[in-house]
Amino acid sequence: MAEPAERPSTLRERLLSARRRRFVGRESEKTLLRSELLDPRGSLILLHLYGPGGVGKTALLGEFAALALEHGFSPLPLDARNLDPSPEGFLLALRMHLGLGANASPLEHLARERPTLLLLDTYEALTPLDGWLREVFLPQLPETARVVLAGRNPLAAPWHADPGWRSLFRSLSLRNLRPEESRDFLARRGIPEAQHGAVLEFTHGHPLALSLVADVLEGKQGLGFRPDSNPDVVRSLLERFVQQVPSPLHRAALETSALVRVTTEPLLGAALELDDAHEYFEWLRGLSFVESGPQGLFPHDLAREALDADLRWRNPDRYAELHRRVRGYYTKKLLESRGLEQQRALIDDVYLHRHNPMVKPFLEWGEFGSVYGEGGRPQDHAAVLEMVERHEGPQSAQVARRWLELQPQGLTVYRGQGHEPAGFMLRLELHAAAEADLEADPATRAALAYARRQAPPRPGEAMILFRFWMSREHYQQVSPVQSLIFIHAVQQYFAHPKLSWSFFPCASPEFWSPALGYMDIRRAPEADWELDGKRYGQFAHDWRALPVGAWLELLGQRELDPQFGPEQEPERAVPVVVLSEPEFREAVKHALRDFTRPAALAHNPLLRSRLLRERTPEPVPADLQALLREAAHGLEANPKDHKLYRALQRTYLEPAATQELAAELLDLPFSTYRRHLTQGIERVAEWLWQRELYGVV
């Protein structure tokens, strides 16, 4: 009797084994890998696979990983969709995968380990790193290491032009499976042989389409497959699949995965309104067209677009409700997180706007990964100034030179292929600049004058101006650089908790007005300026009048409104009023005097202050009364200030008929009573003012 086969010892090995049982074909590619990459006598160190979406590149990389293990190599798989396309982001992902500390060198670690097969999927997302990988990183790998790149596009010309690389790599174009391979796949999935011909006629061997057919038909022996005349294979198959999901919640989980950039378990719980969404997350993970990455799950691009378009057409109310729930999850993340976590939440939130006609034309959605941004260095300044002079003129270049000397930390440089900057953004912190420097630049002078006329910044409040922003090739036109600049600009709204004004200038304000108006970054023609014979239009936003939280909610409302246009926007019924400190303190005094008269309190400007609007969207006199009482009770809790609270109580909160009677009830000389009352008013006004400025509640 034969000994039972030894079972795989780890879950990872069991998963690999299950995947390999379903893998078919690609024999020539596997042979090439074994003979030329994994064999020490082989002549290649790099293999490049390319082909359209759904052709099976990721599945083949999984098979390559298993073959690497068999040949004594450690597979090192990375998916470019899940890492920041910068040298730092790439090395960070490598450290995380290898389990290394923040200061460890991945290259030194790999040199000490057994031979490694580096598998880079979705290589097109690493376009800006192509030169760095080819010229810097890959040549530093240990000589025993081998590399496989997989993407949608052929390798760039420099790979073929380089005499060193030319003889050390091979490119292969992946095609659909051959008929015999397709039949083998269907047989392994349990699809009756009688149906193979119809399936092949419908799918033409497209691997993703074959997987979807198998999902629809697997285990349903009596169900015949009837190909229709719809040429959209993937959409047709997904429609069949969605009709057979286990429950409405499973359907909602699938629809959510198509809506968002990546699906995590907490996000899915928010979308499904469940405390525990583990069951549905695991179900998604098991679908053939859903892939896993470090940040979460995501359906194949073809599947995503088909599912998303179907739900938007079939059930727009359901689509809007899912948007609302997901948006609420992202808003919470944006307001509570910082750093990389906040950046990812912002990218996820922007992704929800990808179909809105007011946003879609102004962002390069498919090329976000073609450039990356990093803090500028002194050696970048020459290239930055050359860009400014070429696109805006010598006087502008002189202004840029001066601000680079004064605030170099505001420079972000964007890089694509090669090392030279592909563009840049220079953000100025006007609150940190000297008055003379602000007056010397017509842009900062105009912005400062506008802010002072409209609603002056108050002590401790910040004010920023995105003074220069451009692509080297496209200036301020729509481009990958411009798209990333817009993303990074939005990040700054969260980075300054005491932000008063932000200003965004444009050389073509009429072109950018629809997109910026959608974002409530409003045209401010009074702040326009001229330099080098060119006129620049200014856009502005007062973040005290519409704080970040309310701003996100406003964008969420516009997100699904295809009819929205800035010209149709109604005026806000109750705009936030930004009071100076003297005006604010005077309003507090009047509010205390009118405490028992709601009709009078209804006209107090504090009802339109940020302080109250952040506590409740539409404050009423009772809300102001509660706030004043809360401020006064803060004095009561301190024994040293109790006397101040009693003066306020007897005068305003539970008033005596006259101040003289209040003093008598408190058993105080009138002069002492008046001193306590004045101090109490000042303390309440100060308590409220600090919360107006800094949002402490």
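Biologist: Which residues of helix α9 (residues 179-188) are buried, and what puts them on the same side of α9?

Modeller: In this model, which is predicted, the buried residues of α9 are Glu181, Ser182, Phe185 and Leu186. Their directions from the axis cover an arc of only 135°, and therefore they lie on the same side of α9. After α9 comes Gly190, with a positive phi near 80°.

Biologist: Which buried residues does α26 have, and how do you know that they share a side?

Modeller: Phe584, Ala587, Val588, Ala591 and Leu592 are buried in α26. These residues cover an arc of only 135° around the axis, so they are on the same side of α26. As for its length, α26 (residues 581-593) has 13 residues and spans 19 Å from its first C-alpha to its last, which is close to the 18 Å expected at 1.5 Å a residue.

Biologist: What makes the reach of α25 close to the one expected?

Modeller: Helix α25 has 12 residues and reaches 16 Å from its first C-alpha to its last, and the span expected at 1.5 Å a residue is 16 Å.

Biologist: Which residues of α25 are buried, and what covers them?

Modeller: The buried residues are Val548, Trp551, Leu552, Leu554, Leu555, Gly556, Arg558 and Glu559. Their cover includes the helices α17, α18 (339-351), α23 and α24 (509-518), together with β15 (534-542).

Biologist: Why are α23 and α25 called oblique to each other?

Modeller: The axes of α23 (residues 480-495) and α25 (residues 548-559) come within 10 Å and cross at roughly 140°. Only angles over 145 degrees count as roughly antiparallel, and roughly perpendicular runs from 65 to 115, so the pair is oblique. On the α23 side the contact is made by Val490, Tyr493 and Phe494, and on the α25 side by Val548, Trp551 and Leu552.

Biologist: How many residues of each class does the contact of α23 with α25 have?

Modeller: There are 6 nonpolar residues in that contact, with no polar and no charged ones.

Biologist: How do you know whether Thr122 counts as buried or exposed, and what about Glu273?

Modeller: Thr122 has 10% relative accessibility, and the limit for buried is under 20%, so Thr122 counts as buried. Glu273 has 55%, and exposed means over 50%, so Glu273 counts as exposed.

Biologist: How many helices and strands does the protein have, and how much of it is buried?

Modeller: The protein has 32 helices and 15 strands, and 53% of its 697 residues are buried. Among contacts with a separation of 6 or more, 71% are between residues 24 or more positions apart.

Definitions and conventions:
Residues numbered from 1 in each chain as written. Predicted model: local features only at pLDDT ≥ 70, side-chain atom pairs only at ≥ 80, totals over all residues. Heavy atoms only, no water. Buried < 20%, exposed > 50% of the residue type's maximum accessible area, 1.4 Å probe, protein only. Helix = DSSP H or I, 4+ residues; strand = E, 2+ residues; numbered from the N terminus. Expected span 1.5 Å × (residues − 1). Arc of directions from axis to C-beta. Axes fitted to C-alpha atoms, helices over the stretch in contact; angles between N-to-C directions. Parallel < 35°, antiparallel > 145°, perpendicular 65-115°, else oblique. Contact = heavy atoms within 4.5 Å. Nonpolar A, V, L, I, M, F, W, Y, C, P; charged D, E, K, R; others polar.
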